[in-house]
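Hi everyone, and thanks for coming. Please have a look at what is on the screen, and then I will walk you through it.

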Amino acid sequence: MPERSADLQVLARSVNEMLILGVLRDEEKHGYQIALDVAEGSAGLFELRHGTLYPILHRLEERGWIRGRWDGTKGGRRKKVYRLTAEGRKHLAGEVDRFEVLARGLLHLVRGPRHVSL
Amino acid sequence: MSRFEATLRAVAERLELPQPDRACILEEIAADLEELRMELVRRGVDEREAEARAVDLLAPSETAIDALVSVHEPLYWSLSRRFTRSGMRRAERLGLLAVTAIPLLLALDALRQGGVLRSPSPFLWPVLVTTAVVLGLVASKALQLYLERDHDPGRLRGRLGPILVASAAAVFAAGMGAVFELSALVTQLEAAPDGETIGVFVPWLLDTAVLLGAGLTTALVGGLCWFLLQQKVTAVEAAYGREARLMSDGALAPPPSVSPHL
């Protein structure tokens with residue numbers, strides 16, 4: 001049982017990372033925009049609440065999949081903006097393929113081979 | 001007064017990280033909270049509701065703060081939890097001794113091989129002692145700032161001044177030695193028979209060059225290291241300033257007391 005929960009944690013973490021990388025696909029964004037876009041882009045299906053966004057963002061930045069830069073005037077309030085790196089884009093593409101295979105396999109099993117459409 | 005002061009204080013209290021990481025994280029969260037609140041208000045959400053939704057979405061829970069800490073935690077801090085305090089201190093002392101002694105022994109060996117240590121100036125030894133002091137002070141301060149990441153405001157500027165004093169002492173000792181050696185040379189030249197002055201002058205020149213070279217190199221290295229350490233201290237102090245400005249009265253909860261060992 002603990003192994004299964006660990007697997008689910010890994011899966012949840014991968015989904016969260018993919019969501020963030022996905023919303024950064026086309027343009028750089030502030031943290032709050034990322035959180036809003038994840039919630040609105042998935043029609044509320046996914047939400048990064050209670051600041052769960054930040055450890056994920058910082059981990060992705062540490063791995064080099066996204067890059068943050070400070071935006072704002074000197075003396076004024078600084079805001080951090082994130083953008084997807086080439087490495088992050090490559091990782092995202094790999095993760096999307098992996099999840100497609102996973103979802104196809106799951107639906108194939110649950111619905112039967114004729115009803116799988118991904 | 002910051003609208004999200006209570007939220008930020010709660011995050012700051014649990015965010016046990018060194019500066020400037022700590023201030024940067026707090027700044028990022030504070031800016032996002034404010035931006036999201038304004039965005040929601042622009043969309044027609046009531047002020048209080050917008051504030052509550054911003055906090056709900058972006059204010060890190062204890063679990064999220066702990067996850068942030070684990071991403072940014074310095075290696076030394078995580079090692080400190082694995083090893084005993086006395087073990088870490090012993091390793092630090094050995095490291096400091098090595099950093100201080102190895103360059104000094106290498107320099108002495110080079111001088112010995114160059115034949116300079118056959119009849120060195122008596123002033124060379126105080127210069128080398130101050131060199132060792134400078135190296136030790138620089139190494140211990142660098143250890144505190146870069147490895148231990150002990151950024152406690154009370155200890156931040158400690159041991160910086162002595163680096164400059166010891167560097168100056170090295171030049172002073174070398175200069176005094178050069179003057180003393182010069183007066184000895186004059187006496188020796190007066191007593192030396194004609195044609196043998198060169199035999200007195202060349203060793204003097206070599207000894208004095210080594211003496212002044214050691215003193216000036218120590219001062220140069222000490223000064224440069226002091227400058228770099230000073231820059232780091234200034235950056236950390238600026239981060240404390242930014243963190244304090246995020247709150248209205250600047251009286252943040254005391255910074256989480258540095259490394260688990262201090």
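Some ground rules before we go on. This is a predicted model, in which local features need pLDDT of at least 70, side-chain atom pairs count only at pLDDT 80 or more, and totals for chains, interfaces and linings use all residues. Residues are numbered from 1 along each chain as its sequence is written, chains are lettered from A and ligands numbered from 1 in the order in which they are written, and side-chain values use heavy atoms, with hydrogens and water left out.

Back to the two chains. The size of an interface is often given as the accessible area lost when the parts come together. Buried area here is the accessible area (1.4 Å probe) that two parts lose on being put together, summed over both. Between chain B and chain A that comes to about 2200 Å², and carbon and sulfur atoms give 57% of it. Which three residues supply more than any other three of the area that chain B buries against chain A? They are B:Glu28, B:Leu57 and B:Val71, with 28%.

Now for the helices. Helices (H or I, at least four residues) and strands (E, at least two) are DSSP runs, numbered from the N terminus. Helix H2 of chain A, residues 31–41, packs on helix H2 of chain B, residues 21–42, at an angle of about 50°, and their axes are 8 Å apart. Axes are lines fitted to C-alpha atoms, for helices over the stretch in contact, and angles run from 0 to 180 degrees between N-to-C directions. Angles under 35 degrees count as roughly parallel, over 145 as roughly antiparallel, 65 to 115 as roughly perpendicular and the rest as oblique. That makes H2(A) oblique to H2(B). On the H2(A) side, the contact is made by A:Gly31, A:Tyr32 and A:Leu36, while H2(B) brings B:Asp32, B:Glu35, B:Leu36 and B:Glu39.

Chain B also has a pair of its own: helix H8 (residues 161–191) and helix H9 (residues 197–246) pack at about 170°, with axes 8 Å apart. H8(B) and H9(B) are therefore roughly antiparallel to each other.

On to the sheet in chain A. Strands of a sheet pair through backbone hydrogen bonds, either parallel or antiparallel. Here, two strands pair if DSSP finds at least two bridges between them. Chain A has an open sheet of 3 strands in the order S1-S3-S2, with antiparallel pairing. Strands S1 (29–30) and S2 (66–71) stand at the edges with a single partner strand each, so one side of each has no neighbour in the sheet. S2(A) pairs with S3(A), residues 79–84, over 6 bridges, and A:Arg67 has A:Arg83 as its bridge partner. S1(A) and S3(A) pair over 2 bridges, with A:His30 opposite A:Val81.

Next, chain B by domain. Domain bounds come from an automatic or database domain assignment, which gives domain 1 (5–73) and domain 2 (84–242) in chain B. Their centres, taken over C-alpha atoms, are 47 Å apart. The contact takes 7 residues from domain 1 and 6 residues from domain 2.

I will finish with a few single residues. B:Glu73 lies in the loop between helix H4 (62–72) and helix H5 (75–82) of chain B. B:Glu73 and B:Leu17 are 56 residues apart in sequence, yet 6.4 Å apart in space, C-alpha to C-alpha. A cis peptide bond joins B:Gln19 and B:Pro20, with omega about 5°. Over in chain A, A:Ala43 has a positive phi, near 50°, in a residue other than glycine.

Definitions and conventions
Contact means heavy atoms within 4.5 Å.
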